[in-house]
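Hi,

Here is the structure I promised to pass on. My notes on a few of its helices follow below.

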Amino acid sequence: MRLLGRIAGTSALLMLYGGAAGAQEQSALHASQPAAQEAVKEGSPVALTLKRAIELALQNSKEIQVAKIQASVADRAAQITKAQFMPNLYAGSGAGYTLGIPETPGGRAPSIFNVSYTEQILNEPLRGQAKETQEQSKAQKIVLEDARNNVISRTAMAYLELGKVRHSLELLRKEQESAEKILQVTQERQGEGYELPVEVTKARLTKAQVIQRILQLEGREDELEVFLRYQAGFSEAQAIEVTPEELPGEAEQAGDNLVAMAMSHNAGLQLAASDVRAKEFRLKGERRGYLPTLEFVSIYSVLAQFNNYTQFFRTFQRNNFNAGIDVRVPIFSAQTKAAIGLAQINLEAAKVNLTNKRTELTADVRQKTRRVRERDAAKEVARLELQLAQQDVAVFQSQFAEGKLNLREVEKARLEENEKWMAYLDANFQKQQAQLELLRTAGELDKVWQ
């Protein structure tokens, strides 16, 4: 009996993982080709490994493209403030009619043509703003990396769940066959007077429940296929084949190690730390607002005689050039004091947020580490329950062959085995899902598939 149980258990495990090596060899051929070449024939299915699905999702993700654009916008914004500390040359004209002393609203003399040059040399509040925007630009790189991790996580979960759903559908279709056999035998026994009508109703209910679950899983299968096709950049009619896979060995990490990694690589914590640095730059610049500001300025202008310069000045010179330093020394500045107060409050808020993030992250990593262990224990329980159900099926088959049991009892045992199979698949997927969530929280998700 034990030998039959082992044989049944081994064959069932081969049914789950058998053929994975062949599928991986086929997908390796596709790994070196772009997505457009993988779907050569519209009707032929594309075999994808988990790693290849993630690679295609990263290549085609609109979310990552938007994050890249936002990072570029932040870079340009940082350059705008920084540009004031670089040479700026302007050309223009201030020609106009004058009556009385020749002047313009800007304080300069009217000119037919002028060229001006400006460059900030010492302006600490403005320099603090420039460093703040530069740090915010760096923070967008963290947002981009977090978008990559989000794509990896959602693609991996969809891939693994699709494999589980398809395997569950195979088991449910076998379960439907068993339910039909049970219903048929029960109806025959009722006709012979050996069963009550209630047993027929129970058998019909079992069959209806199986059909309902099949329809639900078929709907979920369609949703996952649509999502994976969109992520990978395939056409709507392209079929996808997935293989049962486990997460790489790097996904198994000790909780203490992951806490330390999370403190260095978690995107939310990095963003909070970056915000503190940006607010520190701003406060430092505002505090130096009591220092003098220096700006290098120069202007060349071509004047016209019709502006009556000779009536108000002793001499007239058409070409004029001025260059020097514009120095401003603050004596009393209420605006500077207010700016310092605002920058101080913003920095304190950023520091509190960073402290909260660290506390929450430590607790979150430890909680998710425990969840992974719990899911692993649940998977082991489901595996043993499946093994026990397989051994029961082997025993019932042996007794059926000896004429000690009827077909209905054997099919009920098969139903129980299928239920344990699906419970095992669910437990395995829940463990994988918990591992992915833990790795993303620790900031180590992208390193698993490098």
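Predicted model: local features only at pLDDT ≥ 70, side-chain atom pairs only at ≥ 80, totals over all residues.

Helices here are DSSP runs of H or I with at least four residues, numbered from the N terminus.

Some housekeeping: residues are numbered from 1 along each chain as its sequence is written. Local features need pLDDT of at least 70 and side-chain atom pairs pLDDT 80 or more, while totals for chains, interfaces and linings use all residues, and side-chain values use heavy atoms, leaving out hydrogens and water.

Back to α9: its 21 residues reach 30 Å from first C-alpha to last, close to the 30 Å expected at 1.5 Å a residue (1.5 Å times one less than the number of residues). Buried residues (under 20% relative accessible area, 1.4 Å probe, protein chains only) in α9 include Ala267, Leu269, Val276, Lys279, Leu283 and Glu286.

What angle do the axes of α9 and α11 cross at? Roughly 160°, and the axes come within 8 Å (lines fitted to C-alpha atoms over the stretch in contact, with angles from 0 to 180 degrees between N-to-C directions). α9 (residues 267-287) and α11 (residues 334-401) are therefore roughly antiparallel (over 145 degrees) to each other.

**A second pair**

The axes of α5 (residues 62-82) and α6 (residues 124-191) also come within 8 Å, crossing at roughly 175°. So α5 and α6 are roughly antiparallel to each other as well.

Cheers

Definitions and conventions:
Helix = DSSP H or I, 4+ residues; strand = E, 2+ residues; numbered from the N terminus. Parallel < 35°, antiparallel > 145°, perpendicular 65-115°, else oblique. Buried < 20%, exposed > 50% of the residue type's maximum accessible area, 1.4 Å probe, protein only.
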